Amino acid sequence: MGIEEKKAKFEETLLNLEKNIQDLAVKYNDLKKENHELQEEISNFRNLNAELTKEKLTRETELNDIKVQFNKIKNTIIISEKERQALKSRISEILERMEVHIS
């Protein structure tokens, strides 16, 4: 192999190396772009997660408030039932007294 052939082979190899380096640079830039897009997507998901967590906490607070209101209503109903029973007993007692006085 003569010097000219070696020179041509070297230049061809050098051109291939330059092409490979350019291809790698393109792939590197594509990967950097994809990585940036993925980081943005992760950031968006984190923001969405924060919003959903906030919404969940708001809903849990509302649910707890409703539970408290329910318990108050339930206790009021229990008290009302006791008062109704007491009134019923008093009315029965009054009716019994009236019957005794009428007889």
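Q: Where is the place of Glu-12?
A: In this predicted model, Glu-12 has its place in helix H1.

Q: And is Glu-12 buried, partly exposed or exposed?
A: Glu-12 has a relative accessible area of 46%, and because exposed means over 50% and buried means under 20%, Glu-12 counts as partly exposed.

Q: How far apart are Glu-12 and Lys-33, in sequence and in space?
A: In sequence the two are separated by 21 residues, while from C-alpha to C-alpha Glu-12 and Lys-33 lie 31 Å apart in space.

Q: What about Glu-34, where is its place?
A: Glu-34 is also placed in helix H1, which covers residues 3-102, and with a relative accessible area of 42% Glu-34 is partly exposed.

Q: How many helices and strands does the chain have?
A: The secondary structure consists of 1 helix and 0 strands.

Q: What box do the C-alpha atoms fill?
A: Along the principal axes, the box is roughly 145 × 20 × 10 Å, and the radius of gyration of the chain is 44 Å, whereas a compact globule of 103 residues would have one near 13 Å.

Q: What share of the residues is buried?
A: Of the 103 residues in the chain, 0% are buried, and the accessible surface comes to about 10100 Å², with 59% of that belonging to carbon and sulfur atoms.

Terms used
Residues are numbered from 1 along each chain as its sequence is written. This is a predicted model: local features need pLDDT of at least 70, side-chain atom pairs count only at pLDDT 80 or more; totals for chains, interfaces and linings use all residues. Side-chain values use heavy atoms; hydrogens and water are left out. Helices (H or I, at least four residues) and strands (E, at least two) are DSSP runs, numbered from the N terminus. The radius of gyration is taken over C-alpha atoms; the globule rule is 2.2 Å times the number of residues to the power 0.38. Buried means under 20% relative accessible area, exposed over 50%, partly exposed in between (1.4 Å probe, protein chains only). Accessible areas come from the Shrake-Rupley method with a 1.4 Å probe; for residues, only the protein chains shown count as cover.
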